[in-house]
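Good morning, and thank you for coming. I would ask you to look at the sequence and the structure as I speak.

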Amino acid sequence: MNEVKAKVQAKQQQSGFEQTYELDAPPEKVWRAISIAEFREKWLPKEALADPQSLSETPGKEIRYRLRDDAPPYLESTVIFTVAPNASGGTSLRIVHKLTGATFERLSRSVANSNSRTMMLAA
């Protein structure tokens, strides 16, 4: 897929982000790159995955993986790849990356600027 040109559109979400790529490659080629382990590992190493198997898969259309950070606090997230043909004969690749529910709740409660009351300790 190194000859693929991409136009990227990104959208920030509260618990993750979404990106859309318009690729010149046909959907079948993009699908192979995201769903076959030996191709996927060239850009998404298995060490980044919480589980080497996908969470779910709709062949040729959508695949979901669970990711885990390799450093504390070892946050887990879900990444969803959606493949669809575009008007120019290439592929529209949508990537949604979200922190998992429990992980996101834990992280949002522990942020430094959470607007909670300030506690001052006497020395």
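Let me begin with a definition: a residue is called buried under 20% relative accessible area, exposed over 50%, and partly exposed in between, using a 1.4 Å probe and protein chains only. Please note that this is a predicted model, in which local features need pLDDT of at least 70 and side-chain atom pairs count only at pLDDT 80 or more, while totals for chains, interfaces and linings use all residues. Residues are numbered from 1 along each chain as its sequence is written, and side-chain values use heavy atoms, with hydrogens and water left out.

I turn to the charged side chains. A salt bridge is a side-chain nitrogen of Lys or Arg within 4 Å of a carboxyl oxygen of Asp or Glu. How many salt bridges does the structure hold? There are five salt bridges. One of them joins the side chains of Glu62 and Arg64, with 3.2 Å from N to O. Glu62 counts as partly exposed because its relative accessibility is 22%. Arg64 is also placed in the partly exposed class, because its relative accessible area is 29%.

Next, consider Glu76. Glu76 forms a salt bridge with Arg66, and the closest N and O atoms are 3.2 Å apart. This pair links distant parts of the chain, with Glu76 in strand β5 (residues 76-85) and Arg66 in strand β4 (residues 62-68), 10 residues apart. Helices (H or I, at least four residues) and strands (E, at least two) are DSSP runs, numbered from the N terminus. Glu76 forms a salt bridge with Arg68 too, and here the closest N and O atoms are 2.5 Å apart.

Is Glu76 buried or exposed? Glu76 is buried, because its relative accessible area is 19%.

I now move to the aromatic rings. Rings of Phe, Tyr and Trp (its six-membered ring) pair if their centres lie within 6.5 Å; planes under 30 degrees apart count as stacked, over 60 as edge-to-face, and the rest as tilted. The structure holds two aromatic pairs. Trp43 and Phe81 form an edge-to-face pair, 5.6 Å centre to centre, with 80° between the planes. In this pair, Trp43 lies in the loop between α2 (37-40) and β3 (56-58), and Phe81 lies in strand β5, 38 residues apart. Trp43 is partly exposed, because its relative accessible area is 41%, whereas Phe81 counts as buried at 4% relative accessibility.

Tyr65 and Phe81 form an edge-to-face pair as well, 6.2 Å centre to centre, with 70° between the planes. This pair links Tyr65 in strand β4 to Phe81 in strand β5, 16 residues apart. Tyr65 counts as buried, because its relative accessibility is 1%. Trp43, Tyr65 and Phe81 form one aromatic cluster.

Finally, I come to strand β2 (residues 16-23), which is mostly covered, with six of its eight residues buried. Two strands pair if DSSP finds at least two bridges between them. Strand β2 pairs with strand β6 (residues 91-99) in the antiparallel sense, over eight bridges. The bridge partner of Leu23 in β6 is Thr91.
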